[in-house]
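This briefing concerns aromatic rings and the side chains around them. Please keep the model open while reading the points below.

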Amino acid sequence: VEHVSDLIDRLAGLTGRRQYGDEEPTNLGKRLMAMGRISEFVLRPTVRELAEEKGWTVEFQCEAVVEGVIGSLDGKLSSKPGTIAAIVEMKSRYAAPGDITDASNDTYWRYMCQTMAYCYMTACQTAYVPVLWFPRGGPDVQLKLYEIHYEIEELLTNWAALRNMRRVKAA
């Protein structure tokens with residue numbers, strides 16, 4: 001069983017993007033990861049409110065396993081029992097707000113691969129991605145909610161690429 005993030009990292013290397021590999025995070029990296037976990041916790045009430053406004057339910061910290069691939073979802077939104085309306089993937093960025101659907105940016109490309117994989121794994125086509133932006137040098141933290149709807153062909157193509165990465169040995 002392999003994790004979605006490991007497959008995305010291999011695909012990044014194959015496509016000439018930065019790979020994270022198995023590097024031990026720096027002290028700064030560890031602090032940023034901790035801040036990401038804190039941000040997820042802080043964003044949960046906002047996601048819960050969004051779900052309640054739509055008459056939906058939310059489940060946080062879910063796992064999905066499909067075809068031997070594991071995904072760790074920040075959340076799933078359900079419109080009725082047994083039906084997933086959208087996945088939730090919470091992010092925090094230490095930069096000025098940007099367009100997370102801009103695949104020319106390596107980080108945003110990873111977000112798109114990840115959310116498409118989670119949509120495929122849960123048989124839905126919509127991702128809600130709340131992002132807490134911490135602009136460098138700026139006084140204001142901003143929250144932006146991105147609602148991304150994927151076409152079925154996008155989900156299938158992304159999943160096939162990730163699934164094929166199981167055959168590529170980690171760098």
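Ring pairs join Tyr-108, Tyr-111 and Trp-133 into a cluster, where rings of Phe, Tyr and Trp (its six-membered ring) pair if their centres lie within 6.5 Å, and planes under 30 degrees apart count as stacked, over 60 as edge-to-face and the rest as tilted. The model is predicted, so local features need pLDDT of at least 70 and side-chain atom pairs count only at pLDDT 80 or more, while totals for chains, interfaces and linings use all residues. Residues are numbered from 1 along each chain as its sequence is written, and side-chain values use heavy atoms, with hydrogens and water left out.

**Aromatic pairs**
- Searching the whole structure gives 5 aromatic pairs, one of which is the edge-to-face pair of Trp-56 and Tyr-128, at 6.3 Å centre to centre and 75 degrees between the planes.
- Because Trp-56 lies in the loop between helix H2 (27–53) and strand E2 (57–66) and Tyr-128 in strand E6 (residues 126–133), this pair ties together parts 72 residues apart in sequence; helices (H or I, at least four residues) and strands (E, at least two) are DSSP runs, numbered from the N terminus.
- Tyr-128 counts as buried at 4% relative accessibility, buried meaning under 20% relative accessible area (1.4 Å probe, protein chains only).

**Charges over rings**
- The charged end of Lys-54 sits over the ring of Trp-56, 5.3 Å from its centre, and that of Arg-44 over the ring of Phe-60, at 5.5 Å; the criterion is NZ of Lys or CZ of Arg within 6 Å of the ring centre and within 35 degrees of the ring normal.

Note on methods. Buried means under 20% relative accessible area, exposed over 50%, partly exposed in between (1.4 Å probe, protein chains only).
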